[in-house]
Amino acid sequence: QSEGNTDPMDAWIALLDELLREVPQFPSEEIEMRVAAAMLSAICVRQPGHPDGARWAERALELTRLHPDPNLRAITAFNWYLYHFEMGEFAKAGPVADEMRAVMAARDVAPVVALHASMTVAMHECAFALPSYRRTVTDMLELRRTGGIVDAAKHVLLLMGLFSALSDGDMESVDNWLRETDRDVLVLGPGYGSWRDMAVVRAALIRGDLETASALQPEMLRLTLTAGSPFHGAVALLTSGLPT
């Protein structure tokens, strides 16, 4: 998922559905938690309309909240938020963002856990146009640098910050954070690459640079199709049709 290559997930989702019809009980709660967290992630990026999506989301969050691994809890919280955001259930998604904000602020939290928690916070700030996005992104990028953290959460954080800044008209932050993404553009998978291209296209349109926007749109859409996420594709199509 972190590379944005999601097509194979359809077969794995179908296989798990089949296996659970044959053997509906898990051998342990630990295994159920791992499966639920993975299934929620797959549903978010590939099949948000899955008939059992809400059940998997509830179970994943319930079980990971009881688990001692704070990274797993933070990553599952992000997928929980994303799932309910995709379903238009914003009120249900919101409380987990507050929970992750508290994790970020805890004095004894490990830097990598704070970074994972910040993904949900940054997405919530983007969704609700909260000006606190600047501090969230800036503080977490600095924490990543000083802590020597190498993690894909950086890209999620940056992308959420970019779309917040674009909506806010803060082009200085847009330029700074796009430069951050430039460092990894050659190693990003199609999912992250196309989200970055969307940010560049939107920035060009805001500035009236139709030539740059038009030139980049085909590659943006190609990467989006390769990534294979329905939600991702819808945002890309909206970006392509932005008024000039």
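Helices (H or I, at least four residues) and strands (E, at least two) are taken here as DSSP runs, numbered from the N terminus. The structure is a predicted model, in which local features need pLDDT of at least 70 and side-chain atom pairs count only at pLDDT 80 or more, whereas totals for chains, interfaces and linings use all residues. Residues are numbered from 1 along each chain as its sequence is written, and side-chain values use heavy atoms, with hydrogens and water left out.

On this basis the chain holds twelve helices and zero strands, so that the order of elements from the N terminus reads α-α-α-α-α-α-α-α-α-α-α-α. The radius of gyration, taken over C-alpha atoms, is 18 Å, close to the 18 Å that the globule rule gives for 244 residues, and the chain is therefore as compact as a globular protein of that length; the rule itself is 2.2 Å times the number of residues to the power 0.38. Along the principal axes, the C-alpha atoms fill a box of roughly 55 × 40 × 35 Å. Of the 244 residues, 49% count as buried, where buried means under 20% relative accessible area, exposed over 50%, and partly exposed in between, with a 1.4 Å probe and protein chains only. Where contact means heavy atoms within 4.5 Å, 65% of the contacts between residues at least 6 apart in sequence join residues at least 24 apart.

A nonpolar core is defined as a set of buried Ala, Val, Leu, Ile, Met, Phe, Trp, Tyr and Cys residues joined through side-chain atoms within 4.5 Å. The largest such core has 67 residues, and Val 174 and Trp 177 are those with the most contacts inside it. Helix α8 (residues 153-168) contributes the largest share of this core, with ten residues. When residues up to four places away in sequence are not counted, Val 174 touches Leu 162, Ala 165, Leu 166 and Ala 203.

Empty space was examined next. Rolling a probe the size of a water molecule over the atoms shows where empty space is left. On a 1 Å grid over the protein atoms alone, a cavity is a set of points where a 1.4 Å probe fits but cannot get out, whereas a pocket is an open set with protein on both sides within 12 Å along at least five of seven lines, and lining residues have an atom within 4 Å of a point. Grid points are joined across faces, edges and corners, and a volume is the space filled by probe spheres set on the points.

The second largest pocket has a volume of about 300 Å³. It is lined by 14 residues, of which Cys 126, Phe 163, Trp 195, Phe 231 and Val 235 are the closest to its centre. Helices α6 (111-127), α8, α10 (190-206) and α12 (230-240) each supply at least two residues of this lining, and α12 gives the most, with four residues.

Leaving aside neighbours within four places in sequence, His 155 is in contact with Asp 184, Leu 188 and Tyr 192.

Several further positions were considered individually. Pro 111, in helix α6, is partly exposed at a relative accessible area of 36% and, residues up to four places away in sequence not being counted, touches Leu 143 and Ile 149. The C-alpha atoms of Pro 111 and Glu 211, which lie 100 residues apart along the chain, are separated by 41 Å. By comparison, Ala 38, in helix α2 (residues 29-46), and Asn 79 are 41 residues apart in sequence and 9.6 Å apart in space, C-alpha to C-alpha. Ala 129, in the loop between α6 and α7 (133-147), has a positive phi of about 50 degrees although it is not a glycine, and counts as exposed at 64% relative accessibility.
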